[in-house]
Amino acid sequence: MGFIKTKIKSFFAYKSDREVQNKELLDFAIGVAGQNQAYNIVSSWLMYFCTDLIGIDALLIGTVLGVMRIWDAFNDPIVGTIVDRHVFKNGEKLRPFLKIMALPVGILTAMMFVDYGFLPEPWTGVYLIVVYFLWDFLYSFQDLSMWGMTSMISTHSSERARAAQFGRIGAMVGGWIPGLIPLMIENLPKFGISEMTIFTVLGIAMGIGGMSLSMFTAKTKERAPVYKPEGKFSDSIKLIFQNKIAMALVIAAILSNFTLSLQDVYFFKYMVSVNIFGLTIEGLNVKFIYGIIVGLPGSAAMFVATWIAKKLGGMKRTLIIATILNIVIRVISYFIGYEGWRIFIVMIVMGIGGIPNGLNGIATTTIWGDSIDYMEWKTGHRNEGTVFALQNLVAKIGTGISTFTTGLALKIMDYDPDVADAMVDYVPSETFFKLAWPLFILTPALGQLFYLIPLLTIKYTEKQKKEIERELKIRREAAAIEERIETEATILDIDIY
């Protein structure tokens, strides 16, 4: 106990060599954990909720959600530009949005997981479209502001990397409760609790509760300079296309989703059942075990992410290595197979691949932040809102494409949600059995290959990054001196020109 107390005390102790203290980063991580509860239930379970509980056709809901997400994605750069061109009266740019948008997003999250299946068929779609659109629009302001804080929190790349690290650890923790949903679906109905009740309760708890918790992110400070908006609205949009680093990340993320895909809930629910010494473990319980074994090594690696990245030669190289390893691991897993005990061997292999793979989010967020410094160096403007709107954009386009491809895959596999809803023991089609394993384990490797190609075009080295940081520091100090001279001259009514 003494050792633990010492470590905790050391963690919270003030460190003079750090611009951002651990307590502030912990608050940020807690807020991100809350926000990710709401995000994860929508991104991971809304499709399943609509097909298996509301009874909407798989291809129809895949198309509707896919189109909405892609359409909303293109609104994000507009939202980001609005954020970049607005400065609050207290001189802040992002932090106030973290307070304003949290509860509305939480309420709309809960509204997506109530029973609206009694509505006439056209109106179920209308209800979902309206609620989802409002949720996504408000979420854009909150999410891009939250991740934008990882670049505003400090002017030093090492500190920004720590902010990204804490944030991604928080996001991981926020995914733990959604990770319990398969266990709830598999086991709680045995006690008379319906799946609809499960999702209604979780929608409220993870939506309203999670987004309330997300307001912890508003305890962080903005330390990077906030520039007053200049030029036309269209000029701010054009700046996006001058950011070569960000554009490479955008193209990589979008391309990675252009493969047929199958969500894990469908694979495990209908394809997996393991007998261990006479005890049968059903699919969604196996999915829970799979999530732990595959995710735990990568989760542990996140706590030493900055150290690993330093050893590997920077975040960009870390991301490339993780992507290549992920491709190799999935190909190996495909040939191992999933029948019986083999699924546990796959879990171990995927867990090994998850060690560097767990660093992906931290590395990507850090590179997004570095691209803002690059833009300031190149153009004299910082555009946190627009750049992190791009992160939102690619996430939504990716989710939209993958939602559509999941719906398309289910249709090709002859999956019938109406039959699944009507029958207690639904048996998938022969086509489903034939395609489920390669779509679940192998096609994501093809997506990772598509992701890797644009990533290799980024030429921003660690040496260049340090040189740009040094030059920006000189520029900012010079600008601060000039502003101080102008202010003093105005007070004394002196014409310095």
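Which side chain meets that of Lys23 in a salt bridge? In this predicted model, the partner is Asp27, with an N to O distance of 2.9 Å. Lys23 and Asp27 both lie in helix H2 (residues 22-54), and because they are 4 residues apart, about one helical turn separates them. An α-helix has 3.6 residues a turn, so residues three or four places apart point the same way.

Arg223 forms a salt bridge with Glu24, and the closest N and O atoms are 2.8 Å apart. Glu24 belongs to helix H2, while Arg223 is placed in the loop between helix H11 (195-213) and helix H12 (233-242), 199 residues apart from its partner. Arg223 is partly exposed, having a relative accessible area of 25%; Glu24, at 10%, falls under the 20% limit and therefore counts as buried.

A further salt bridge is formed by the side chains of Arg160 and Asp373, at 2.9 Å from N to O. This pair likewise links distant parts of the chain, with Arg160 in helix H8 (residues 157-174) and Asp373 in helix H19 (residues 360-379), 213 residues apart. Both Arg160 and Asp373 are buried. Through shared partners, salt bridges join Arg160, Asp370, Asp373, Glu462 and Lys465 into one network. The count of salt bridges in the model comes to 12.

Nonpolar side chains were examined at the surface as well. A nonpolar patch is formed there by Trp71, Trp123, Val126, Val130, Phe133, Leu134 and Phe137, which together have about 700 Å² of accessible area. Helix H7 (residues 121-152) provides the largest share of this patch, with 6 residues. Trp71 is located in helix H3 (residues 58-73) and is exposed, its relative accessible area being 58%.

Helix H4 (residues 76-84), by contrast, is mostly covered, as 7 of its 9 residues are buried. The buried residues of helix H4 are Asp76, Pro77, Val79, Gly80, Thr81, Val83 and Asp84.

Finally, Gly340 occupies the loop between helix H17 (315-336) and helix H18 (342-357). With a relative accessibility of 32%, Gly340 is partly exposed. A separation of 35 Å is found between the C-alpha atoms of Gly340 and Ile308, residues that are 32 positions apart along the chain.

How values were computed. Residues numbered from 1 in each chain as written. Predicted model: local features only at pLDDT ≥ 70, side-chain atom pairs only at ≥ 80, totals over all residues. Heavy atoms only, no water. Buried < 20%, exposed > 50% of the residue type's maximum accessible area, 1.4 Å probe, protein only. Helix = DSSP H or I, 4+ residues; strand = E, 2+ residues; numbered from the N terminus. Patch = residues over 30% accessible without salt bridge, like charges linked within 9 Å, V, L, I, M, F, W, Y side chains within 5 Å. Areas by Shrake-Rupley, 256 points an atom, 1.4 Å probe, with all protein chains shown as cover. Salt bridge = Lys/Arg side-chain N within 4 Å of Asp/Glu carboxyl O.
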